[in-house]
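This briefing covers helix packing, nonpolar cores and a few individual residues. Please have the sequence and the model open while reading.

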Amino acid sequence: MKKFTIFSAVMMILSLLCGCGSGTVVQKEAKRIPSTGTSWTVMMYMCGSTLEEEYESASRVLESLAYDLPENINVVVETGGSRFWHTDDVDCDYQQDYVVQKNGIRLVNQNPAANMGESATMKEFLSWGIKTYPAEHYIAVIWDHGAGPLGGAAFDSLHDYDSLSLDELKNVLSGLNEKLDIVGFDASLMSNIETASALSLYADYMVGSEDIMPMSGWDYNGLFEFLSNYPEASVAEVGQVICDGVMSKVSEQESDMVSMAVTDLSKETTLSLQFEGLGGMLDSAVDDLYMMRDVVEAIDGAERMGGNSPWEGYSNIIDFGSLIDGLPDSMGDIKANIKSIMDEMIVYKRMSDYHGASSGLGLYYPSHRNGDDIAKYKDICVSNSYMSFLEKTCINTEIENRTYTPENGAIWYYYNNLAYENVITAAPDMNGRYVMTATHPELFVRTGVNFYMYSPDYASYLYLYSDYETRYDSAVNGYVYEFSGRLPMLNSTPVSMYPVSRNVCYDLYSIPVVYNGEIATIRVRRSKMADSFGEYTIIGIWKGVDIYSGMAQREYKNLNTGDVIIPIYRVYGKDETSYVEGSKIRIGFGGVKITEKLIDDGDYIVSYTANDIYGASYECATNNLVATKGNIKIMDY
């Protein structure tokens, strides 16, 4: 329990004497309305971090926390983890504990600042909250950035953005005297099977976002109103109110990314057992070239969460449900078992149209194969056999203390021989289509084209987009791509568009730009729906994933009149992160939009690209294109 020191008492008195300029922090205890029934205590662990420093987001939440709570409902908030606060009387030098009352929040406890990315700090707060405000039901909320299974949540900017890992969260909860009813995350990327596993013994339900949590976050007053009026509600019903509240508050441009789920953690053990069985089948698939290709195709087709491009960073999370759906029919029994368990485990989800097919639970998969991350994942992986599968398939990746290597797989030498023999060619056919042939197409999981535009300013070809809408044509024994003669453009300017994720209804792209002197991305959604096929919707400017901590930014910023962006282009033949800047684009009164227009006259090059069963990427020799009034001629030299 936190000790209320004399120093803390003096600081509190000084704070009360100073008053409160904003009206958020109040001095006097407010009279409570009579109890309405079953008791609940909500404990908010608010790590301000860059969300407070750059956007005042934590302060806006604190300003909203005013509700005439009955005596059976207590809400306490601990602030910290930020270099400064925009709310008067919230002091970055202290961990400050507040209670919510009808006219604002009232300071009730204070201690010197501690690292909110350490388990001891959160354990102290929750232990104090449970002892001081005993109840029949407890909800713990972690408010801040999230980074998924590897990065955890609550990034304390006072302590080099240290965060609570899943092991640390487990340590926090295991040290409490009470089991929690809900552990909720007002943070990104935390609804995944790894987090569910870490929490399962110490909480009944998990509530969180599978993808980016909108900046607007939870509707806390809506939650307080529900608890006050319906204190006898089930815990699952409370979780549903939280998810619905996120959707009710979200701004229009962020509404595409809502992916909230309520997970019944009592089902986690059963899911883990089935996942171990699935991991064994995935691991066995490494011994069969064609089975492995089917598995990797399912992974490739799974929906991506968070960042997934060289410019926005990589979160390395796929939707678990879409992975299961895509696995080969030969795994039918275990697929059906997992789907059945997940239907029971995800008791409620509230998804945007973009995430309409998402399951609600993510899974770590190293799309960007960083060896340090994969080694770190070994400590939290739910399945030993899934870990074996990852180690065997992540070739050309240095993984510390690696247990398995690709050489352990029976098909490794067979694959090497085929890859060595694999001759890839690309050329136009008699019908003007672009055709790629390969000696061993069975190695490929995904094929497409990379498209480049010639820039006289840089005397180089600049990357525009990758398109994977190819089809295999047995008549030519190759993959066929047909040019539409149109290019996606931002306000009539060709820009680089990187594919991020795709599902049955939409594709998500990322456009790298310089905005306000920083590299950021414009996220764009392309519809596959019949009534809006091919339409592009700009979600907003997104700063992506921090390269060191993995924390995913929550803000999507609108582009407004007068804003200036500078497109970024990769030069053909250079590293992905090497770039040149294009001409400035100033947003006018007409706003900004992405439309497909006839390709500008000029010189272009195109090359076929392919990813194989081990994730290796190939880009074959290029062909020159000449565009004239939207007509494209492929030059075959």
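Are helices H4 and H6 roughly parallel or roughly antiparallel to each other? H4 and H6 are roughly parallel, a term for angles under 35 degrees, with over 145 counting as roughly antiparallel, 65 to 115 as roughly perpendicular and the rest as oblique.

This is a predicted model, in which local features need pLDDT of at least 70 and side-chain atom pairs count only at pLDDT 80 or more, while totals for chains, interfaces and linings use all residues. Residues are numbered from 1 along each chain as its sequence is written, and side-chain values use heavy atoms, with hydrogens and water left out.

**Helix packing**

- Two packed helices are described by the angle between their axes and the distance between the axes.
- Helices (H or I, at least four residues) and strands (E, at least two) are DSSP runs numbered from the N terminus. Axes are lines fitted to C-alpha atoms, for helices over the stretch in contact, and angles run from 0 to 180 degrees between N-to-C directions.
- H4 (residues 119-132) and H6 (residues 166-174) cross at roughly 30°, and their axes come within 9 Å.
- Ser119, Met122, Lys123 and Leu126 of H4 meet Glu168, Leu169, Asn171, Val172 and Leu173 of H6; contact means heavy atoms within 4.5 Å.
- The residues of this H4 and H6 contact divide into 5 nonpolar, 2 polar and 2 charged. Ala, Val, Leu, Ile, Met, Phe, Trp, Tyr, Cys and Pro count as nonpolar, Asp, Glu, Lys and Arg as charged, and the others, Gly among them, as polar.
- H8 (residues 220-229) and H9 (residues 235-249) pack at an angle of about 150°, with axes 9 Å apart, and are therefore roughly antiparallel.
- On the H8 side the contact is made by Gly222, Leu223, Phe226 and Leu227, and on the H9 side by Glu237, Val238, Val241 and Ile242.
- The H8 and H9 contact has 6 nonpolar residues, 1 polar and 1 charged.

**Nonpolar cores**

- A nonpolar core is a set of buried Ala, Val, Leu, Ile, Met, Phe, Trp, Tyr and Cys residues joined through side-chain atoms within 4.5 Å. Buried means under 20% relative accessible area, exposed over 50% and partly exposed in between (1.4 Å probe, protein chains only).
- The largest core has 87 residues, and those with the most contacts inside it are Leu180, Phe185, Leu278, Phe320, Tyr377 and Tyr386.
- Helix H11 (residues 289-301) gives the most to this core, with 6 residues.
- A second, separate core has 48 residues, including Trp40, Val90, Tyr98 and Met247.
- Tyr98 lies in strand E4 (residues 94-101) and is buried, at 0% relative accessibility.
- Leaving aside residues up to four places away in sequence, Tyr98 touches Val25, Ile105 and Leu107, among others.

**Individual residues**

- Most residues other than glycine have a negative phi.
- Ala154, in strand E7 (residues 153-156), has a positive phi near 70°. Ala154 is buried, with a relative accessible area of 0%.
- Asn491 also has a positive phi, near 45°, and its place is in the loop between strands E24 (486-490) and E25 (493-494). Asn491 counts as partly exposed, at 28% relative accessibility.
- Asn384, in helix H15 (residues 384-393), is exposed at 64% relative accessibility.
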